[in-house]
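The following note collects points for a colleague who is examining the coordinates. It may be read alongside the display below.

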Number of protein chains: 2
Amino acid sequence: MENIKDKKDLTISIIGGTDGLGKWFAKYLKNKGFNIIVTGRDVEKGKNVEKELNVKFINNNIEAAKKGDIVIIAVPINVTEKVIKEVAPHVRKGCLLMDITSIKEIPTKTMEKYVREGVTVIPTHPMFGPSTPSLLRQVVILTPTEKHKKSEWFEKVYNFLVKEGAKVIVIPAEKHDRIMGIVQGLTHFAFISLGSTLKELNVDIKESRKFASPIYELMISIIGRIIGQNPYLYADIQMFNPRIQEIHKTFINQCMEISKIVANKDREGFVKIMKEAAKHFGSEAKRGAYYSDKAVFALSSEIEKLNKLIGKEIAVKNLNSNNIHFGILKNIEDDYLILEKNGKELKFNILRVEVFSGEELKNLKKKHFERKYSDISVLFKKSVDENVILNLLKKLFDVEIIDIYEGDKIEEGYKSITFRIYGYSKDELKEIEKEFLNIIKNIGGKERFK
Amino acid sequence: MENIKDKKDLTISIIGGTDGLGKWFAKYLKNKGFNIIVTGRDVEKGKNVEKELNVKFINNNIEAAKKGDIVIIAVPINVTEKVIKEVAPHVRKGCLLMDITSIKEIPTKTMEKYVREGVTVIPTHPMFGPSTPSLLRQVVILTPTEKHKKSEWFEKVYNFLVKEGAKVIVIPAEKHDRIMGIVQGLTHFAFISLGSTLKELNVDIKESRKFASPIYELMISIIGRIIGQNPYLYADIQMFNPRIQEIHKTFINQCMEISKIVANKDREGFVKIMKEAAKHFGSEAKRGAYYSDKAVFALSSEIEKLNKLIGKEIAVKNLNSNNIHFGILKNIEDDYLILEKNGKELKFNILRVEVFSGEELKNLKKKHFERKYSDISVLFKKSVDENVILNLLKKLFDVEIIDIYEGDKIEEGYKSITFRIYGYSKDELKEIEKEFLNIIKNIGGKERFK
């Protein structure tokens with residue numbers, strides 16, 4: 001956006017920037033060097049965000065819209081249309097209006113209708129939530145009309161997103177809503193309906209998993225994931241997609257038709273439906289089988305790997321707290337692993353941890369613990385290449401060379417090499433020293449002094 | 001079953017044992033030492049199985065039933081009832097009748113009704129397909145009535161399965177069908193309906209994945225997996241479960257109710273349904289989120305791991321053919337990895353391979369290639385412990401000690417140690433020798449002769 005103005009002179013007003021993805025963008029763009037104004041209904045929250053992110057808070061959408069070179073609407077779906085109507089007429093000529101709502105047809109039409117001549121409109125759907133660390137590898141969908149696609153602002157926004165590592169997709173708003181009606185709408189609808197069905201039939205979920213095929217287990221886990229989300233967001237994604245009724249209707253009709261075929265014991269009818277769906281999927285059917293295989297295989301092989309580590313030292317990273325615990329893996333029980341740490345037994349949910357062993361464990365320990373060390377001086381013949389010795393010893397020890405000395409006080413034809421060996425406790429270091437000296441003795445070295 | 005008869009005197013007749021899971025059991029039980037008779041409609045196929053498995057084929061179900069100490073019905077679901085009626089009256093007093101159908105209420109009732117007094121009935125549902133290597137960790141459900149649960153045969157069967165490593169669940173047939181109506185019936189029904197919906201809406205599956213959330217990708221992959229299966233089996237699993245109509249009806253009602261709520265923009269109604277389903281799931285909702293996270297994380301971290309291996313040597317195991325290819329990982333492109341092998345580029349679907357590197361690669365190479373070797377004799381001082389030297393060298397080389405010699409022709413105070421070092425080609429071995437001798441020279445050894 002450098003050509004239009006310098007970054008430091010460019011003001012971005014985020015309407016609804018005190019929460020959720022709006023706040024995320026406020027922080028992200030502030031770090032990129034832009035001036036940021038945020039608005040929000042809750043003044044106290046706004047003042048806190050102002051301090052936290054070092055941005056400006058205004059309790060007035062229209063004023064913020066007037067001040068922004070870029071104005072971004074970041075309010076919940078159900079009030080987006082209303083806020084656009086309020087704010088869009090006040091965006092200055094030559095400036096840019098965007099929104100970041102999960103639906104695109106309504107915001108696109110409304111923004112187009114209510115902005116002044118000479119304002120660029122770029123409706124946007126960032127396909128990620130506020131827990132994402134950066135734009136890297138994230139999908140961002142833009143749905144500008146043809147006119148705005150040719151604007152300078154569009155080029156600037158597009159290039160900025162690509163430079164930040166996002167995967168940018170540009171499609172018409174109608175197509176966006178049609179695809180999202182499937183990708184989000186149908187997916188959420190089916191799994192919420194399944195969850196509600198299991199409740200109606202009073203299925204004991206935990207017990208049912210005992211009989212589970214891996215595919216049932218995956219289905220249950222997706223239901224659990226979806227019904228645990230913010231229900232208002234999910235309601236709005238359904239309710240504000242103009243294509244959703246058609247999608248619901250098609251799905252319910254398919255269910256009813258297949259159910260009728262089953263009731264009539266019409267085997268050939270059932271087979272025809274399955275085969276036609278498979279034909280429509282084409283190579284994607286096989287890909288699906290492979291993909292789900294991998295997902296299932298990855299999970300069961302994690303358990304197998306853990307079983308091989310019983311009795312060994314591991315590090316356990318709690319994915320909720322990001323805390324790391326070091327200890328001995330004592331046992332695996334259902335979803336849990338038991339870690340012995342300083343004589344105490346800790347229990348971790350395997351689904352909620354990452355486990356490190358081997359080389360990764362070594363590196364983690366180095367990062368997490370203060371290492372103690374001991375210096376050992378050893379005499380080797382002058383002709384010996386200390387790098388060869390060091391490379392060999394590094395395979396067994398955490399060791400470096402800190403000094404090489406020849407001459408005075410050193411036996412003729414010899415040089416003194418001082419090794420620094422590391423350990424995590426005095427006792428451990430004592431053991432390491434003993435082993436180290438035993439090896440030195442056998443590979444032509446002799447201890448000088450410690 | 002040793003108390004009733006010796007294995008080698010015990011005859012197991014498998015009705016429909018020339019195909020699918022029936023054939024699988026014929027092979028498995030033959031290997032365990034039982035006499036096996038199989039029947040089937042196709043005489044040529046039967047003769048082939050007879051030769052292949054070294055079992056007896058009879059083209060007559062009733063005769064086979066008369067001869068079996070154990071008779072197992074292993075025919076497709078849609079003819080199970082008919083075959084039971086034909087066969088059950090001919091099972092001898094004191095013998096055992098089983099079936100291995102995926103539904104249990106109908107076979108259980110039919111077997112109970114048609115067997116003679118004094119025949120034990122153990123209806124069985126092995127929860128796996130014929131691609132499974134053994135009973136280890138597989139779920140097997142038994143649905144005998146109370147009377148048969150107390151029988152000697154039941155104890156034998158139960159203990160046999162447990163000894164083979166299976167997870168055995170014993171429940172009433174009605175409960176089995178109710179649970180399977182969910183675990184298999186509802187799952188298949190929902191995903192087949194989804195697949196059919198995507199076809200009706202003419203969704204371009206591959207294109208839709210570009211916009212995919214990980215959850216949509218998982219859903220698509222499960223649909224693809226299910227609609228690619230044997231449609232007749234899936235038809236029968238729906239049609240012969242006596243509970244399926246109620247399950248379909250409940251699901252369709254939930255879909256219609258939620259769709260109506262969405263049409264009416266009844267946000268609070270939608271939220272209530274999601275919250276109630278989440279409440280019913282309880283801690284399973286969170287578990288689902290974690291579990292699906294792991295599945296998604298496992299897949300993306302596999303790609304990340306592969307990216308780190310570009311330019312390095314790897315082994316690629318094709319999961320379709322089980323062939324292993326060694327080479328340099330050149331690149332990753334979408335679903336594919338490019339392997340350079342002997343100057344040629346090979347392309348593999350990442351979803352269809354297992355990749356080995358590091359220690360695993362080393363072990364694989366040892367198994368797959370003939371190693372060449374070279375013997376090198378080295379003089380070390382007598383005081384040197386050759387095990388210390390060997391352990392150190394093993395960190396860098398594929399090496400062993402094949403001879404230690406002291407005395408005649410050896411310099412006073414020294415011993416000769418002969419190492420055998422391995423490599424996979426003459427050129428590689430030459431390089432290894434050079435490096436090996438350089439290290440030997442630096443750790444107090446001297447070359448004697450080669």
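1. In this predicted model, strands E9(B) and E10(B) form a hairpin in which five residues lie between the two strands. Within the turn, B:Asn322 has a positive phi of about 65°. Strand E9 of chain B covers residues 313–318 and strand E10 of chain B covers residues 324–333; the two run antiparallel and are paired over five bridges. In this pairing B:Lys317 is placed opposite B:Ile324 of E10(B).

2. E9(B) has a further partner in strand E13 of chain B, residues 353–356, with which it pairs in the antiparallel sense over four bridges. Here B:Ala315 stands opposite B:Phe356 in E13(B).

3. Turning to chain A, which strands make up the open antiparallel sheet, and in what order? Five strands are arranged as E12-E11-E10-E9-E13 of chain A. At the edges are strand E12 (344–349) and strand E13 (353–356) of chain A, each of which pairs on one side only. From one strand to the next, the twist averages 45°.

4. Within that sheet, strand E10 of chain A (residues 324–333) and strand E11 of chain A (residues 336–341) run antiparallel and are joined by five bridges. A:Leu329 of this pairing stands opposite A:Leu339 in E11(A). Helix H14 of chain A, residues 283–308, packs on the sheet and touches E10, E11 and E13 of chain A. The direction of helix H14 makes about 100° with that of E10(A).

5. Chain B also contains an open sheet of eight strands, in the order E3-E2-E1-E4-E5-E6-E7-E8, and its pairing is mixed. Strand E3 (56–58) and strand E8 (167–170) of chain B are the edge strands, pairing on one side only. In this sheet the twist averages 25° from one strand to the next.

6. One parallel pairing in chain B may be inspected in detail. Strand E1 of chain B (residues 11–15) and strand E4 of chain B (residues 70–73) pair in the parallel sense over four bridges. B:Ile12 has B:Ile70 as its bridge partner in E4(B). As background, strands of a sheet pair through backbone hydrogen bonds, in either a parallel or an antiparallel sense.

7. How is chain B superposed on chain A? A rotation of 180° with 0.1 Å of shift along its axis brings chain B onto chain A, with an RMSD of 0.2 Å. The two copies are therefore related as by a two-fold rotation axis. The same surface serves both copies, since 99% of the contact residues of chain B recur in chain A.

8. At the interface, 126 residues of chain B are in contact with 126 residues of chain A. The area buried between the two chains is about 12000 Å², and carbon and sulfur atoms give 71% of this area. On the side of chain B, the residues that lose the most area to chain A are B:Phe211, B:Met239 and B:Arg267, which together account for 7% of what that side buries.

9. One of the salt bridges in the model joins A:Arg287 to B:Glu217, with the closest N and O atoms 2.9 Å apart. Helix H8 of chain B (residues 173–200) gives the largest share of the side of chain B that touches chain A, namely 19 residues.

10. Over all chains, the structure holds 62 salt bridges. A pair within chain A is that of A:Lys67 and A:Glu63, whose closest N and O atoms are 3.3 Å apart. Both residues lie in helix H3 of chain A (residues 61–67), where A:Lys67 and A:Glu63 are four residues apart, about one turn of the helix.

Note on methods
Residues numbered from 1 in each chain as written. Chains lettered and ligands numbered in written order. Predicted model: local features only at pLDDT ≥ 70, side-chain atom pairs only at ≥ 80, totals over all residues. Heavy atoms only, no water. Least-squares fit on C-alpha atoms with pLDDT ≥ 70 in both. Contact = heavy atoms within 4.5 Å. Pairing = 2+ DSSP bridges. Axes fitted to C-alpha atoms, helices over the stretch in contact; angles between N-to-C directions. Buried area = accessible area lost by both parts, 1.4 Å probe. Salt bridge = Lys/Arg side-chain N within 4 Å of Asp/Glu carboxyl O.
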